[in-house]
Amino acid sequence: MPCSIPGRKKQRLGTEHSHRPNPVPRTKKPPGKFYRPRNHETPFFKLVRDHFDEFENVYFERYQAKYGYWRPVIRSSIDKFFKCGDLKEGFARVRCPDCHEEFFVAFSCRQRACCPTCDQKRALLLGHRLKDEVFVEVPHRQWVFTIPKRLRIYFRFDRALLGKLCRAAYDTVRDVYALEIDGNLGIPAMVGAVQTFGDLIHWHPHIHTIVADGVFTETGHFVRIPDTWKHRAIDIWRDKVFDLLLDEKKIDPDTVSGMKEWKNSGFSVDNSVIIEAEDKEGMQRLVEYISRCPFSLTRMISTTKEGDILYRASNPQCVPFPIAGDHELTAGNPRNFEVFKPLDFLANVTQHIPDKGEHQIRYYGFYSNKKRGMRGKKEPTEVKSQPGVPEGDTTFVKKCKMTWAALIKCVYEVDPLECPKCGGTMKIISFIERHQADVIEKILRHCGLWKEEQPRPPPPEKAESKSDEPKLDYGFFEQTCL
Ligand SMILES: [Zn+2]
Ligand SMILES: [Zn+2]
């Protein structure tokens with residue numbers, strides 16, 4: 001970035017640089033090779049900007065009956081998403097020590113389920129963290145647990161049940177394994193992810209898990225469990241879910257016996273995907289999959305003049321038209337797209353934003369925090385020194401800086417710390433945080449990056465406490481796990 005910082009001598013300020021629209025480094029090399037900060041004007045961003053206030057205003061009369069009470073976390077998350085990547089909210093300064101090329105990297109909002117960029121980063125980080133600190137190098141299996149449509153509503157109106165549903169999934173695995181090994185040989189190891197969305201962002205609470213394909217004995221020895229009893233999983237799962245909802249007084253025994261008569265129970269357990277011990281990439285992909293954002297920007301394929309959104313399913317194949325009498329008809333005609341009015345799209349997306357403190361990733365058995373702590377696997381991973389990280393930082397800060405660069409490399413396959421001008425290694429020289437508002441304004445004005453207009457009016461509610469403001473990416477490691 002050819003802009004310099006006020007008060008810094010010896011740096012040439014070219015006037016031709018003063019009106020650059022964004023802090024993208026100039027380059028003589030072919031475009032695309034270097035990291036470029038992302039473009040904010042995604043269709044989703046525009047949708048939020050143009051329709052969110054109206055959505056909040058009409059929520060009570062149009063959406064509350066179906067989606068439940070308005071949750072304040074929706075407004076606070078969307079407000080933060082709206083500022084994600086905004087330089088006015090603070091940034092890191094990255095500079096080349098050789099040629100003094102410089103650019104800024106804005107901070108992320110770190111919101112869950114409403115910011116695809118932050119969710120993608122979180123998923124990548126989670127993958128690395130699980131690999132380094134949690135998973136043992138043994139074969140794993142993906143288990144996916146679903147429940148009938150009839151029961152989904154209870155989880156929408158009582159989100160605390162979602163964690164209990166995840167627990168029920170673990171108990172199911174444990175009981176299935178116990179059938180084979182007499183219960184006493186050892187404990188399973190599982191990472192569970194609560195997902196509330198289906199392919200078309202509708203309400204569809206279900207559990208994805210990654211389970212070691214066997215149990216760990218007292219001494220940490222791994223014993224693989226054969227497939228013998230896995231067909232029993234569905235009955236065990238069904239009973240666990242019924243027990244949960246009976247305990248919580250959501251359903252009564254008559255409902256249970258009625259549902260047990262159904263020809264197609266609506267419960268399912270899929271454990272057909274195996275990842276072998278050495279398949280590190282497979283594990284990373286699986287973790288990213290189970291912790292992904294509820295919606296994908298690439299699937300918002302078109303919007304009409306009125307702002308309607310055509311959202312397609314992840315499977316682009318056409319769904320064959322069902323034959324008369326086919327069970328597909330009774331199950332509902334499957335679609336691979338949905339057309340949403342703008343406010344309906346927002347209602348569907350925001351229902352998946354978790355409440356504060358609502359954990360989506362959970363650890364059980366041999367992978368529980370307690371067991372990991374006992375094994376001494378809980379200590380923070382040692383961070384090897386990285387190019388671009390100045391000496392003297394704490395391990396924690398080093399980890400954060402490394403993380404940013406590593407993530408960019410993962411996502412864009414470019415090294416954000418490679419100087420676009422001379423090819424040297426750029427360094428993160430400082431963080432300018434949000435509370436330094438005057439410094440931010442001074443620097444951005446100086447560089448011609450200050451934007452006067454407020455793109456969207458501030459929220460009607462009272463200002464949030466300071467601790468809720470957007471922060472650096474520091475917390476990703478700490479936030480995602482129990
Ligand atoms: Zn974000
Ligand atoms: Zn340079």
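Some conventions before that. Residues count from 1 along each chain as its sequence is written, while chains are lettered from A and ligands numbered from 1 in the order in which they are written. As this is a predicted model, local features need pLDDT of at least 70 and side-chain atom pairs count only at pLDDT 80 or more, but totals for chains, interfaces and linings use all residues.

I will start with helix H6. Helices (H or I, at least four residues) and strands (E, at least two) are DSSP runs, numbered from the N terminus. H6 covers residues 160-181, 22 residues in total, and spans 32 Å from first C-alpha to last, close to the 32 Å expected at 1.5 Å a residue. That expected span is 1.5 Å times one less than the number of residues. Among the buried residues of H6 are Leu-165, Ala-169, Val-173 and Tyr-177. Buried means 20 or more other C-beta atoms within 10 Å of the residue's own, exposed means 12 or fewer, and partly exposed lies in between, with C-beta atoms placed from the backbone.

Next, the cores. A nonpolar core is a set of buried Ala, Val, Leu, Ile, Met, Phe, Trp, Tyr and Cys residues joined through C-beta atoms within 7 Å. The largest has 51 residues, and those touching the most other members include Leu-165, Ala-169, Val-173 and Val-191. H6 gives this core its largest share, 9 residues. A second, separate core of 29 residues includes Cys-114 and Cys-293.

Now the strands. Two strands pair if DSSP finds at least two bridges between them. Strand S3 (residues 140-146) pairs with strand S5 (residues 203-212) in the antiparallel sense over 6 bridges, and His-140 stands opposite Ala-212. S3 is also joined by 6 bridges to strand S8 (residues 268-275), again antiparallel, with Arg-141 opposite Ile-274.

Elsewhere, 3 strands form an open antiparallel sheet in the order S2-S1-S13. Its edge strands, S2 (102-106) and S13 (427-432), each pair on one side only. Strand S1 (residues 91-95) meets S13 over 5 bridges, where Phe-91 stands opposite Ile-432.

Last, which residues does Val-73 contact beyond its neighbours within four places in sequence? They are Ile-353, Asp-355 and Lys-356, contact being C-beta atoms, placed from the backbone, within 7 Å. Val-73 and Asp-355 are 282 residues apart in sequence but 6.2 Å apart, C-alpha to C-alpha. Val-73 belongs to helix H3 (residues 72-83) and counts as partly exposed because 18 other C-beta atoms lie within 10 Å.

Conventions:
Contact = placed C-beta atoms within 7 Å.
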